[in-house]
Amino acid sequence: MMNNSNAASSTAVIGAVGSAEAAAPRRNSKRPKYSRFTQQELPACKPILTPRWVISAFLLVSVVFIPIGVAALFASRDVVEIVDRYDDVCVPQNSSSSKADKVPKRMKSPIYIYYQLDNFYQNHRRYVKSRSDAQLRYNASADDVSACKPEDVANGNPIVPCGLIAWSLFNDTYQFTLGSNNLTVNKTDISWKSDRDHKFGKDVFPTNFQNGTLIGGGHLISSIPLSEQEDLIVWMRTAALPTFRKLYGRIEQDLEANDVIQVTLENNYNTYSFSGKKMLVLSTTSWLGGKNNFLGIAYLTVGGLCFFLAMLFTLIYLIKPRRLGDPTYLSWNRLPGGR
């Protein structure tokens, strides 16, 4: 009897110790701390895409997108644009010529003047990096030309502004006449205000610019600070694509249909070495900007596709409807023998 009682008490002690160990937290456990977030138990919205909801969503998109596309196309159609290529006519380089452009429709002021370059890769990595933002902004950083090679120093002195971008500044010029009257080209506020105020210093002046053995493009007026040299500021904002337009100025006078504008061109910029093209563009604007049919076509395409899908799903739903949650469509119910 005594042995049996001792064995029972030992068993009870061992069981108590075991239960205590099971209740105590494991020190080396890799189980993460419980939370509703980590266990994905937070309340969530799980919508059921019924046929009516899907058809309604497609119809809503088409109703919104199609009118926007039509409005965008009408706005683009109202923009009057004259595009005239002149590098193949005004030959050779550094020559002057005169061309006549006829106004197809009435052009309301302001009329924006752009130059367009083709096959000019301003997005080339070495070209984009060849500039000194500190030098452009601060007069004290005139010697900061480490990133501007090969256009960093000329005749032993630093170039301001340095780099390939500034060195290749576009320098063709345009003059416009209508009958016997000259059309004034306004070249103020053609650059971004943020660039003028924050990227180009008011106390930074061109120094030793285009004084090397190889002249790349236009010259700058040494008495005017960089913040006011807007042709340079426009050119320094590099383009992402090899075909681009940059703003040259504005004509703040209305032009009537069938007016003939005489354009005097100074063909100074060399695009023949890389098979580039140069075009003069005169354009008005609309509430959506310049002439661009892509946005309207894109909206119409998406809206038309959604409308087509809505009609298709409606026909399928009416011709061959199916009950929501029908278990007969499950694979193990459709295959013979439940396989």
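**Labels and cut-offs**

Trainee: Why is Ala57 called partly exposed?
Mentor: The relative accessible area of Ala57 is 41%. Buried means under 20%, exposed means over 50%, and partly exposed is what falls in between, with a 1.4 Å probe and protein chains only. Ala57 is therefore partly exposed.

Trainee: What should I know about the model and the numbering?
Mentor: The model is predicted: local features need pLDDT of at least 70, side-chain atom pairs count only at pLDDT 80 or more, and totals for chains, interfaces and linings use all residues. Residues are numbered from 1 along each chain as its sequence is written, and side-chain values use heavy atoms, with hydrogens and water left out.

Trainee: Where does Ala57 lie?
Mentor: Ala57 is in helix 2. Helices are DSSP runs of H or I with at least four residues, strands are runs of E with at least two, and both are numbered from the N terminus. The protein has 9 helices and 11 strands. The C-alpha atoms of Ala57 and Phe307 are separated by 9.9 Å, although these residues are 250 apart along the chain.

Trainee: How do you know that the span of helix 2 agrees with its number of residues?
Mentor: The expected span is 1.5 Å times one less than the number of residues. For the 27 residues of helix 2 (residues 51-77) that gives 39 Å, and the end C-alpha atoms are 39 Å apart, so the two agree.

Trainee: Which residues of helix 2 are buried, and what covers them?
Mentor: They are Ile55, Ser62, Gly69, Ala72, Ala75 and Ser76. Their cover includes helix 8 (294-319).

Trainee: What makes a set of residues a nonpolar core?
Mentor: The members are buried Ala, Val, Leu, Ile, Met, Phe, Trp, Tyr and Cys residues, joined through side-chain atoms within 4.5 Å. The largest such core here has 48 residues, and Tyr174, Phe176 and Trp235 have the most contacts inside it. Among the elements that each supply at least two residues of this core are strand 6 (173-178), helix 7 (230-236) and strand 9 (244-251). In soluble globular proteins, nonpolar side chains tend to be buried together.

Trainee: What does Tyr174 touch?
Mentor: Contact means heavy atoms within 4.5 Å. Not counting residues up to four places away in sequence, Tyr174 touches Tyr86, Tyr115, Tyr248, Thr264, Leu265 and Leu280.

Trainee: Why is Asp172 called buried?
Mentor: Its relative accessibility is 2%, so Asp172 counts as buried. Asp172 lies in the loop between helix 5 and strand 6.

Trainee: Which side chain does the side chain of Asp172 join in a polar contact?
Mentor: That of Tyr86, at 2.7 Å. A polar contact is a pair of N or O atoms within 3.5 Å; within protein, one must be able to donate a hydrogen and the other to accept it, and residues adjacent in sequence count only if both atoms are side-chain atoms. The side chain of Asp172 also reaches the backbone nitrogen of Asn268 at 2.8 Å.

Trainee: How do you know that Cys148 and Cys162 are joined by a disulfide?
Mentor: A disulfide is a pair of cysteine sulfur atoms within 2.5 Å. The S to S distance between Cys148 and Cys162 is 2.0 Å. By this rule the count comes to 1 disulfide.

Trainee: Are the cysteines of that pair buried or exposed?
Mentor: Cys148 counts as buried because its relative accessibility is 0%. Cys162 has a relative accessible area of 1%, so Cys162 is buried too.

Trainee: What about Cys45 and Cys306: buried or exposed?
Mentor: Cys45 is exposed, with a relative accessible area of 71%. Cys306, with 10%, is buried.

Trainee: Which residues does the cis peptide bond with omega of about 0° join?
Mentor: Ser109 and Pro110. Pro110 is in the loop between strand 2 (95-102) and strand 3. Another cis peptide bond joins Val160 and Pro161, with omega of about -5°. Most residues other than glycine have a negative phi, and most peptide bonds are trans.

Trainee: What is the phi of Gln40?
Mentor: Gln40 has a positive phi of about 55° although it is not a glycine. At 73% relative accessibility, Gln40 is exposed.
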